[in-house]
Structures are given as C-alpha cells and as structure tokens.
Amino acid sequence: MPVQLLKIIEGQSEAPLPSHLQKENLKHLQEGRDHTNKYIQGVVTLSYPLTKLRDGTDFFKIVVQDSDNLCSQINSINVFIYGKMAEDCAKIIRHGETFIVAGFKVIKLPAAREDGRHDCHLEVSEEAGSAIYIYTKPRTTAASETTSVSVAPKYVYTPLNHLKDGTVVNLYGVVKFFKPPYISKGTDYCSIVTLVDPSNVKLTCSLFSGNLDSLPKIYKVGDIVRFHRVKIREYNGQMQGITSGGFASLTFDGTVGAPVVPRTSSRVYTFMDEEQKRIEELRIWAASNISTSGTATKLSCVQPMLFFDLTCQLVGKAKVDGSSFLLKVWDGTTCPYPTWKVPVEAKDLEGEKVLLHQLRNLVVDILVYDNHVQLAESLKIGSFLRIYSIHAKQASADNEDVSHMEFHLHGGTCYGRGIGLLPESNPDVKELKEFLESVNLTDSQNMESMCSMDIDSTFGNVTDLELHLQRCQQLSVTVLTDHQDLSTTELKTITNSTAPQQYRIRAKLRTYKPQKLHQSVKLHCSKCNSLQEVPDRDDFDFILHGSASTAPNPELHNTSWYESVTWTTQEQKQREIAIHFVKHDEMLQHPEDTLIMIEGGTLKEIGKLTKRFKCVVPVRSTEDDLELLDLSAPFLLKGNVKYYGCKQCSTPKPMKNLSSIAAEQQPSWEPTEIAQVLGIELLQYVFIMKFTLVDETASLNAYLFDYEKFFQIPASEILTNNFLQQKMQMTMNTLCPPGRKLGSLCRKELLDRHLKMALIGSLCMEQWKSMRWDLDLSYLSWSVLRAVSV
C-alpha cells in the first residue's frame, strides 16, 4: 500500500518503517545522487488544493519542514505528488502531521530560491515505486492505549539579540509599532511590524501575502506575536525580517491577565503549555517597558489638530470620488464640536436609512483617501473597525461664522495610518457593543441642535431638518398679518429669554445659505415630515430606460375609460411605445383637457407631450393593470412641474382608480386629487434656507421653511423657470449685497443698507436643550421686507 497511516502509541509507531530505510538530511539532497534506500521526514507546514494536470493526472503539492534543523538556513522542501497517491494524500494529510516519503526523485530547480526552501523538490508517484507514511493520532483511543503528541514538532524560538543574517527562525516579540495591512505596489497585502523583547533589541518585519487573512491580526501596540519561519536579513547594519515559505503567525492580547487566546486564520497550529508561560512573562515585561496608551480616543474627547485612533461601528458608506471614500461611524459618544457632513447623493449612500437618521447626532463622517479607499469599499455595514491616525481638523466654510470639525484618514501609511477590521470576539468590540446598546437614542434626538453645520449639511443631506420640522409644527403659533402690536426687540434680549415667544425685530442680514439658490428647493412630506432632494433628470431618465425594457401588454389596451395607441420606434434598439388617452363620457377630450398615460417613452418624448396635454402619467404594464413606476420618478407631470410621492407614506393603487375622476362632470385633473385616488402621499416643494441676522447687540440664525409666501415665488416652479430664478437672486442681492462686507461701508451707506435690509416680522422662537436659539421665518413674508421704512 503506497500511502500508509501509522498510529503513535506510547511514543512508538504502531508499525515500524522497513528496516532497510535510512533517514536523509535535507542538506544532503542532490539531483542525480542515489537515494534508493533513503527517506525524508518532516512536518507538513503547507498544502495546496488538489488539481489536475493537462493530461488528467491528479497533482498535490505540500511543503515539509525538517523539525530537527529549524535554525538551518534551508529547513523545508516542496514535495510534488502525482496520480492515485495525490488523491489519497489530499484526503488525509493535515497541517502539523509527520510526513515520511521514500522512493522519491530529486529535481533541481532552474533558479535559486530565497524563501528558505531547498533548491530542489521531490517528485513522488506510485508508478515510481514511492511510499508515503503519515504519523497521525488515532480517532478513538482504546483503554490499553495512550496517545502520544509527537506529531507536533518542538519549535526553537530565537531571542531578537541572537538573530543572524540569512537564517530562517521562529520568534516571539511584543508589538511596539505596526501598520495595518495595506495593498502594496504589486498585488500582495503588506504589513509592517516592529517587535521588541526583553533583550531590548528591535526587529522590523516586512510581511507580504496575497491572502489578507494570513497576515498577523494585530490590533494595538502591546500585542504579542509568534512568528514561524521568518527570514532574517541584514540591511544597513540592522536585522530585518521578511516572510518566507510556510510563514505562520499567532497574535495574543498583551494585557496582563487577559485570556491567552491566539488570533489566527489557520485552523491547525501548535501551541504548547510552555508557550503560555512565555506569553505571560512577555506581558509582565511589556507592562513596565512598553507604552500601550497610544492615541486611542473616543469622539467625546476629540480636540482640534489631534491625530487619534478610533474604535467604532460602521453604519454608512459612500463613494465620493476616485480618490476618496466616506465612512459614517459612531462610538456612542458625541463629538463636542459641530461636525462636517460630507455632501453625497442619497442614492450613493449605503446603510440603513432609518438607523442613519436615528444616529444623525452621534454619527461622524470620516473621509478616507488614496490607498485606503479599496479596503474601505470592501467593508460591510455593521462592521466594527479600528481606524488608525485619524486627523481631526477644525475648519470653517465660506461665509460661515461657526467652525466645524472634519475627520480625515490621509493617504499613505505613515504613523501607522490604516483601517483594521475587528472580530466580534475582540474584547474592545464586546465592550463597545455593550455601550452602544445602552445608548438612549431618544435622549440623543432630544439633544438635536440646529447648529450651523447641521443646517448647512441639509443642502447635501436634508434628513437633518426633519426633527426641527416636527418640533416647529408642535408649537402653538399665531400667524400675524399685522405686526404693529409688537414692539421691536433687540436680539440680545431674545437670546436671554425663555421660549417659545414671538418677537418683532429690526436686523441686518449678514449671510445666507445656500449661496446657490436652486439648492434651497427640497421635497417635503407633510405626513411623516421627511425631506428629500429633488431628483435630477438623469435619475428619471434611468428609470424610464429600465421600464422601457418591458413591452406594453396588449390585453390592457382600449378599455372602457381610455383609448390606446401603440407604435414601434425605428431606432437601432427598437422600443414599443403605448399612449393611453383617458376619455370623458366615453369620448376623447381636447389635448389641453386630457390626461394621458405613457409606456416606454423617453425623457425627451415625455417632455414634448407635457407641452400639449394637460397631464402625463408614466406607467408600465402588469398582467392585470397598468401601474406607476418607482416613486423615485415623478408619478405625474403637469406643464414644467414634476410631482413626486413619498415612498414611506404612499400605498400605490391600480391606475383604474383614475376612472373615478374621469367620470366626474368636469374632471379637473388636479395633482392633489390624482394623488389621493392613486394612494400617493404628495410631496410638496419647499424652500429651506438659513439666514444669519445681526443687530448692534447679538446675532441669530434663522431658518426659512416656506412654500411660496416669503419670496412670492412657488417653490415648485423655481427649478424650471429662469425668470423666477433671476427674481429670487435679485431679492437676495437686495437683502445681502454680493461682493461687499457690511464693515466696509461708510456710515451713510450703512444706514441705507440698514433700511433696505431691515427685517420686521413676527418670529417664533424655540430654545433647544443645547442652549442654541432658532428662529422660524416660515410666515415672514417678502412683502413685509419690502414695506420696511425708517
């Protein structure tokens, strides 16, 4: 039998090797020499998957290490196994088992190796008369048998002050510095680790692997590592370590008293009782010789210009551009400074939207760059991370009085910059999870602060204003059309007053946000108080292209309440278009009084139809009825205005419900009525703006939430009407002249500006728990502004 399993009983082989075989040392192997009665013995340190050669022959490759000569420069060799032997060995060989082979053929490699392995390899096959013996533990132990553990080799560990150039060694060390794994210039991952031990000698190791999991799982300074088969080289008078063939590692928590549990991706490894004692000794030594405090910081302790490590959970991520990526994380604490919200499109943001909204006051945005982007993209939402060397930077936006905190993970690996993925078994993760579960999200939401950066971020992420809108609606506010019964109040008096109250003020407008006025238009759901960006043309066009792939269903054409017309386009990729004309009293109406439904149309084609027909509804066919498209697209187009529905609050109904409006005596086809019969919660266009008001005593931030009263311009029409956009810009230029600062005006000009820019109106004020004052201008009209006089 060419492959034999031998049990070890009481330290002896159950069946002895043939008496004519003699053990051969690896260093004596040479191509062409007679090895007929010789055998090679070693421990299996690496195996590769069973494969087939081009001729169909099974092939299996392993690496065998000579356990008797671990400190030798050449202590391992490749073994190539062919045919039936390969198939048998692949089933039974495990790492750490003792492997013996006789009847092998020695083949010289074409080039010298630099990984500590022999420059020859062994070829083994049944046809060549080879024999393989594998020492293994018995699966069951009889009462009369005692299992020996000689399968595992006894490794020799070299102190750092005894390292020699050109040797392959095993060693223990304490991590003094490390760089988390990153992608090298090639395809491999790389990690840099600096080790020390009680000999007070330092060793820097450059570790490379195509498999990220095979690199040491180091999480912090002070961790203890065990490296097997590290090759030592001397460079500029200092010893350095690099990976060699069969490199393996174990990592242990360096905290005194912590459980001795190895971190490794390998399912098979050796760990002797005396090694646990070695780890405990290194822990005690490191506790008094290695500074492990590092730069780990919680968000609540962050200060400007700080570089820190953060243990956190990932709740959102988004691609910003080709060289940067956004990570949204939290650690359960609140940053003491207003934080920067990176503007990204809602469709690009990954993560649970409800959770992101709940955590909006606890989440911070970290922008990672360059070599960290690829790893950041691969992270899963909900993962626990340790991000190393984050830069906390204090900055101010243009025309912004209040500074904010930005968080950056710069490119490169200097100072150990990088991202580490922590397993849930990690003690720091367990502690963090317990803390996160204890965080009261209700309290966090009650601490909602409508600070400058919260509102500024609205122009990139509108959900931050939802709680503010809910609170404003809860106030008991009386809208005053005549403000003469209120005397003018100084802003300082307002800031020192209790809320809620109403005031009449005279103040200057210092700045406003957003400067690009079209960005102030949002979509608002009055039912759930959600806000969202107005989708752009590309989003709508993409949805239309997707729906065009489904051909209209002929069985749904020409019903009792609409007539249908279909045709096929002549373009290269033909499309089938169907238009359904809704009838009244079984008759078609004039185009300007007709609602039509269209299937398969493009954005350009629908645009032309809106100029001729009263209303256009994009639809698609199902088996039983027509239905609306995804609510990311407008459910109705009327003139230049697109009408959208709230995804959360809408329950779309079949299009046949429109027949009830068509049956009316004079169908109005009003958007609100159409939305109601189709089960759509209509979103309304609103202006969202921030004004910074000042007088001689103080300054206040006022937030505008208005449909059309303030500017006397419908928010629904501003995006498609150039004249209205110019009118709005002129209004803001009058209130806040561009290009000149108030301080640069002479006294007469300042007085004139004061008269033009004075704001007189009834202001509703609420005091948040964060001790900031917010003023709601939602019912302060532009007509009041124009009516100001001395």
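A salt bridge is taken here as a side-chain nitrogen of Lys or Arg within 4 Å of a carboxyl oxygen of Asp or Glu. The structure is a predicted model, in which local features need pLDDT of at least 70 and side-chain atom pairs count only at pLDDT 80 or more, whereas totals for chains, interfaces and linings use all residues. Residues are numbered from 1 along each chain as its sequence is written, and side-chain values use heavy atoms, with hydrogens and water left out.

In one of them, Asp119 is joined to Lys108, with 2.7 Å between the closest N and O atoms. Asp119 belongs to strand E10 (residues 117-124) and Lys108 to strand E9 (residues 105-108), so the pair ties together parts eleven residues apart in sequence. Helices (H or I, at least four residues) and strands (E, at least two) are DSSP runs, numbered from the N terminus. Residues are classed as buried under 20% relative accessible area, exposed over 50% and partly exposed in between (1.4 Å probe, protein chains only). Asp119 is partly exposed because its relative accessibility is 28%, and Lys108 is likewise partly exposed, at 43%.

A salt bridge also connects the side chains of Arg263 and Asp223, at 2.9 Å from N to O. This pair links distant parts of the chain, 40 residues apart: Arg263 is in the loop between strand E16 (238-252) and helix H2 (273-289), and Asp223 is in the loop between strand E14 (202-209) and strand E15 (224-235). Arg263 counts as buried at 14% relative accessibility, and Asp223 is buried with a relative accessible area of 0%. In a further salt bridge, the closest N and O atoms of Arg386 and Asp428 are 2.4 Å apart. Since Arg386 lies in strand E20 and Asp428 in helix H5, the pair ties together parts 42 residues apart in sequence. Arg386 is buried, with a relative accessible area of 7%, whereas Asp428 is partly exposed, at 23%.

Asp66, in the loop between strand E6 (58-65) and strand E7 (76-82), is buried yet has no salt bridge; Lys23, the nearest side chain of opposite charge, is 4.7 Å away. For charge assignment, Lys and Arg count as positive and Asp and Glu as negative, while His and the chain ends are not counted. Contacts are defined by heavy atoms within 4.5 Å. Not counting residues up to four places away in sequence, Asp66 touches Asn25, Leu26, Gln41 and Asn75.

Aromatic pairs were identified from rings of Phe, Tyr and Trp (its six-membered ring) whose centres lie within 6.5 Å; planes under 30 degrees apart count as stacked, over 60 as edge-to-face and the rest as tilted. The whole structure holds nine such pairs. Phe178 and Tyr388 form an edge-to-face pair, with 5.2 Å from centre to centre and 85 degrees between the planes. The two residues are 210 residues apart, Phe178 being in strand E12 (residues 168-183) and Tyr388 in strand E20 (residues 384-395). Phe178 counts as buried at 8% relative accessibility, as does Tyr388 at 5%. Elsewhere, ring pairs link Phe59, Phe80 and Tyr82 into a cluster.

A charge is considered to sit over a ring if NZ of Lys or CZ of Arg is within 6 Å of the ring centre and within 35 degrees of the ring normal. The charged end of Lys61 is placed over the ring of Tyr48, 4.7 Å from its centre, and Lys298 lies over the face of Phe435, 5.7 Å from the ring centre.

Strand pairing (at least two DSSP bridges between two strands) was examined next. Strand E24 (residues 508-513) is mostly covered, five of its six residues being buried. Five bridges pair E24 with strand E34 (residues 684-694) in the antiparallel sense, and Thr511 has Thr692 of E34 as its bridge partner. Strand E30 (residues 615-621) is also mostly covered, with six of its seven residues buried. Strand E29 (residues 595-599) runs parallel to E30 and is joined to E30 by four bridges, Leu595 standing opposite Cys615.

Leu628 is located in strand E31 (residues 626-628) and is buried, with a relative accessible area of 8%. Apart from neighbours within four places in sequence, Leu628 contacts residues including Val617, Pro618, Arg620 and Phe635.

Overall, the protein has 16 helices and 37 strands, and buried residues make up 50% of its 790 residues.
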